[in-house]
Amino acid sequence: MKRVNRYISLCLLMLIGVSSCEVTDFDHQENPNFLTPEGADPTYLLNEMQYLFQHYMSWMILNTDDVMRYEGMTDRYGDVVSSNVMDGSTSAEWDTYYEALNNARTIQELAVEDSNYLFHSAMSRVLMGYLTVTMVDYVGEIPYSEAVKPSEFPDPNVDEGEELYKFVLSEIEKAKSEFENAPRAVTSDLFYGGDKDKWISMANSLRLRMLVQSRLASDELDISDLQGEINSLLNDEFIDSNSEDFQFSYSNVIQPESRHPYFQRAYVSGFSQYMGNYFMNQLLNDKSVRDPRTRFYIYRQSDVDPFSGPPYLPCQDDPRVDYCYLGDHYWGYDHGENRTGRGDNLLRSVYGIYPGGGAFDQNQFIAAPNTTNNLGGAGILPILTNSYLKFLTAESALMLGTNGDPAALLEEGVRASLNKVVNFGDISSEYTPDSEDIDIYVEDVLTKYNSANSDQEKLDVIMKEYYLAAFGNSIEAYNAYRRTGLPSDLQVPIDDDDPNFPRSFPYSELETQRNASLTQKQISEKVFWDTNPDGFIK
């Protein structure tokens, strides 16, 4: 399901900025993935970069949705991680990353010769920087400086993650300068419509995210004063409203496939995964009131009680299982439950309207493939949002003493997430939360925060709300969990007394066969900013 017709889709992207496009047979070129500057069109290459960017990010999110309990993980960590595409024969994420890298370098070379392409170059630096940070956060050391130079480096060596973070920080500053000096914008900008101010705010936000992410290893970074650096950014322009959120918008177009991956998973032929019981329990039972986002996040396909007839759920009366069935027709799986294949694809709960463009739950109890009242997959990929930045700055204020009141930033983050979700899709229903529902929820969160007895307990409240807001982007949850060990109540795999949580992901198995410089790594290996002890998280 990950593969779509790339080059037909690119033609649709090209229509935004150019008048025509032809489907190219790349199999007739010497190297079908990596184009050289000769004869290259920077607009075409940037369009492809945007396409590659959203695919790479969505795939990485799918890789950790189950690890982070949003979906039910139906095996042990080692087996789950080893079976994903990063370590598989297709090497989709790996190849996509390096195709984007080649495009970015080509665009930047062309911009040196022609200042009309400075905006192209700036966008390519920010997009490539985000991809590189994500690759480092998942994998650690990767080939970069010697990569996509096959004649010089047929077996490129890896660059250290710490050095790549430094490099991306410098690329962000170059991109900001190029945005300021670009004589014209890009007409086919799928993120901000050619708005350079929003791109600069996003670039600053990425920098802020990187600084907080690497705070435990700040002495190893070339940053003299982390606190001062973050405070300086907080005085600059960064994403501080939902209208500035960095996100990719999908459509309901089927040919070529342009719908959100969540929609493709749940609304086409039947949901083959399970929603995570831990995650749904947080929505339903963690506060004194139900989370206002619940009906947006989760859609219930059926009102069948899984315990009323045949044993649809194998966990009934199993003492090892924490949740099994949450009631009220919220039907998922516990973390690590491996008894699958029970023919309940059209009965279990699935993704809702946010962010995947599915259905808003109004007690329809209709199987997802049969629903007609949904967004048809026209969802969003939330990459770096106002709410995420608020939680990160709350963490920074609490743990580093940077500017801002952590409680106020926490409240702003919660409200930003709630408002984004409950206004998604312009739903008008008796089940749509109102401002009073939001106020009650926020008050509950603040009561928990103010009653906490230590900074660690306060941080736990912040990270729980970050986790709930990050549904649809488990990259944020995966990073935060390795950095802080929070939320502290994340469910441990039910059938594994000593789980080996993946502190990083393996290299592409195919790439270790192609590149003699690469040796496969273990999932217990930590990325450079993860200075926490072994066994820190489960």
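**Close-up views of a predicted model**

Figure 1. The model shown here and in the following views is predicted. Helix H10 spans residues 277-285 and is mostly covered, with eight of its nine residues buried. These buried residues are Asn277, Tyr278, Phe279, Met280, Asn281, Gln282, Leu283 and Leu284.

**Figure 2. Overview of the chain from which the close-ups are taken.** The protein contains 17 helices and six strands. Of its 538 residues, 62% are buried. When contacts between residues at least 6 apart in sequence are considered, 76% of them join residues at least 24 apart.

**Figure 3. The largest nonpolar core.** In soluble globular proteins, nonpolar side chains tend to be buried together. The largest nonpolar core of this model has 151 residues, and Met68, Trp199 and Phe246 are those with the most contacts inside it. Helix H5 (residues 118-139) supplies the largest share of this core, 14 residues. Apart from this core lies another, of 10 residues, which include Tyr274, Cys315, Leu347 and Ile494.

**Figure 4. The contacts of Met68.** With residues up to four places away in sequence left out, Met68 touches Tyr467, Ser474, Ala477, Tyr478, Tyr481, Leu490 and Phe501. Met68 is also one of the residues with the most contacts inside the largest nonpolar core.

**Figure 5. Packing of helices H5 and H7.** Two packed helices are described by the angle between their axes and the distance between the axes. The axes of H5 and helix H7 (residues 196-213) come within 11 Å and cross at roughly 25°. Angles under 35 degrees count as roughly parallel, and H5 and H7 are therefore roughly parallel to each other. The crossing of H5 past H7 is left-handed. On the H5 side, the contact is made by Phe119, Met123, Val126, Leu127, Gly129, Tyr130, Val133 and Asp137. On the H7 side, Lys196, Trp199, Met202, Ala203, Leu206, Arg209 and Met210 take part. Of these, Trp199 is also among the residues with the most contacts inside the largest nonpolar core.

**Figure 6. Pairing of strands E3 and E6.** Strand E3 (residues 246-249) and E6 run antiparallel and are joined by four bridges. Within this pair, Phe248 stands opposite Leu381 in E6. Strand E6 covers residues 380-384; five of its five residues are buried, so this strand is largely enclosed by the rest of the structure.

How values were computed: Residues are numbered from 1 along each chain as its sequence is written. This is a predicted model: local features need pLDDT of at least 70, side-chain atom pairs count only at pLDDT 80 or more; totals for chains, interfaces and linings use all residues. Side-chain values use heavy atoms; hydrogens and water are left out. Buried means under 20% relative accessible area, exposed over 50%, partly exposed in between (1.4 Å probe, protein chains only). Helices (H or I, at least four residues) and strands (E, at least two) are DSSP runs, numbered from the N terminus. Two strands pair if DSSP finds at least two bridges between them. A nonpolar core is a set of buried Ala, Val, Leu, Ile, Met, Phe, Trp, Tyr and Cys residues joined through side-chain atoms within 4.5 Å. Contact means heavy atoms within 4.5 Å. Axes are lines fitted to C-alpha atoms, for helices over the stretch in contact, and angles run from 0 to 180 degrees between N-to-C directions. Angles under 35 degrees count as roughly parallel, over 145 as roughly antiparallel, 65 to 115 as roughly perpendicular and the rest as oblique. A crossing is left-handed if the near helix is turned anticlockwise from the far one by less than a right angle, and right-handed if clockwise.
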